[in-house]
Amino acid sequence: MSLRVFVELRRAAATVFFLALACGAAGAGTDNWRFDTGNDGLVTASLYATNKLITGGGALSYSPVLTIACRADGEPAWTEWLQLNDAVSASRKITMSVMIDRGSKFDESWSVGTRARLLMRDGADGIKRLVSANRLLLSWRFGLLSGRGQADFDLAGLGEAVSQIAATCQTEVP
């Protein structure tokens, strides 16, 4: 077994372990959400997609993670991001196709972050549209020839999660 395969298998095992811990520590009504408060004042709630993306030539799969975040004294106060294991080929902006509760699809521009594996959108308007939603479907291109990625989220408990984050941040719910 090559070192790279070994490292990928260890990473997958660690992800499963931390997912199990997160699921066990979640609160009532927000069972699928994982909460965190950083030393820098960033308060987050994260949710794994219900679907899997295939990586490593089909050997491994993972669920993208949607995170809703608030920073009490920061600008912008609210941010959402999508964490991927595979990098996208874009360097600054990427077009994300968004569908909420089986409504019409629309496109919006998201920023490309850390090692092109983090897709971000700032602003309370993005969070506000999700608070009463049940489902979120995000779709994007990994690259010109790499195909599309898609993440499907069951947003059960999002309203409570955003309320909990807003209370911790001492700010208004969007």
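Strands β7 and β10 run antiparallel and are joined by 4 bridges (strands are DSSP E runs of at least two residues, numbered from the N terminus; two strands pair if DSSP finds at least two bridges between them). The model is a predicted one, in which local features need pLDDT of at least 70 and side-chain atom pairs count only at pLDDT 80 or more, while totals for chains, interfaces and linings use all residues. Residues are numbered from 1 along each chain as its sequence is written, and side-chain values use heavy atoms, with hydrogens and water left out.

Because 6 of the 8 residues of β7 are buried, the strand is largely enclosed by the rest of the structure (buried: under 20% relative accessible area, 1.4 Å probe, protein chains only).

Arg-135 lies in β10 (residues 135-143). The side chain of Arg-135 makes a polar contact of 2.8 Å with that of Asp-152 (N or O atoms within 3.5 Å, one able to donate a hydrogen and the other to accept it). Beyond four places in sequence, the contacts of Arg-135 include Met-99, Ile-100, Asp-101 and Leu-155 (contact: heavy atoms within 4.5 Å). With the same exclusion, Leu-155 is in contact with residues including Trp-33, Leu-47, Leu-66 and Arg-135.

How values were computed:
Buried < 20%, exposed > 50% of the residue type's maximum accessible area, 1.4 Å probe, protein only.
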